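Please look at the model first.

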Amino acid sequence: MRYDRTVIAYHGCDARVAEQLLAGTPFKPSQNDFDWLGTGVYFWEFGFDRALRFARFQKSLGKVKEPAVVGALLQLGNCFDLTDTRFTSQLQTAYAQCVELYEATGKSLPVNVGATPDKKLRRLDCTVLNLYLAYLDDHELERFQTVRAAFEEGPAAFPGSMIRQETHVQIAVRDPRCIIGVFRPMMPS
């Protein structure tokens, strides 16, 4: 099954990086051990404000001088879509393979950690997804070009609500050919 859906997505970054991307410089995949969806170029699906908030947060950490957002048209291709039970049902197998590999090497399995209940350093999730997707690719079972998931994040939208203020759909692009165009988004008024 191909996932031939095309979406508009946003990437938060420094203004200098944004200009380079708009001029044609390729996106650099994130390879942090805590990336929520494993290795890839990260976008917020239809989430300009969330991308801008991320860039502003990166500024507070000293990683960005001038927050900016680049828009992109993404063709999801063969997507490991974690909003679909076809893919979430594979995570038990992925986790079991990861546990087996770590036990065989005598290493401790990474854990998701963080100061908030969101546990924003998703080392376990990143490891499981990276190892499983590499296994599928290496064994020529299936090659996924993108990974997509919905995340409930942040405080409640209002008292007693199950809606979270920072809930979003995130996409990690593993195959740069899925980024079919970039644009300078208009700033909302």
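Q: Is Glu-19 buried, partly exposed or exposed?
A: In this predicted model, local features need pLDDT of at least 70, side-chain atom pairs count only at pLDDT 80 or more, and totals for chains, interfaces and linings use all residues. Residues are numbered from 1 along each chain as its sequence is written, and side-chain values use heavy atoms, with hydrogens and water left out. Buried means under 20% relative accessible area, exposed over 50%, and partly exposed in between (1.4 Å probe, protein chains only). Glu-19 has a relative accessible area of 41%, so this residue is partly exposed.

Q: Which residue forms a salt bridge with Glu-19?
A: A salt bridge needs a side-chain nitrogen of Lys or Arg within 4 Å of a carboxyl oxygen of Asp or Glu. For Glu-19 the closest N and O atoms of the pair are 2.6 Å apart, and the partner is Arg-184. Glu-19 lies in helix α1 and its partner in the segment after β9 (179-183), so parts 165 residues apart in sequence are tied together.

Q: How many disulfides does the structure hold?
A: A disulfide is a pair of cysteine sulfur atoms within 2.5 Å. The sulfur of Cys-13 is 19 Å from the closest cysteine sulfur, in Cys-178, which is too far for a bond. For Cys-126 the closest cysteine sulfur is in Cys-98, at 10 Å, also too far for a bond. The number of disulfides is 0.

Q: Which element supplies the largest share of the lining of the largest pocket?
A: A pocket is an open set of points on a 1 Å grid over the protein atoms alone, where a 1.4 Å probe fits, with protein on both sides within 12 Å along at least five of seven lines; lining residues have an atom within 4 Å of a point. Of the 40 residues that line the largest pocket, those closest to its centre include Gly-12 and Phe-54. Elements that each supply at least two lining residues include β1 (6-14) and β8 (168-173). The largest share, 5 residues, comes from α2.

Notes
Helix = DSSP H or I, 4+ residues; strand = E, 2+ residues; numbered from the N terminus.
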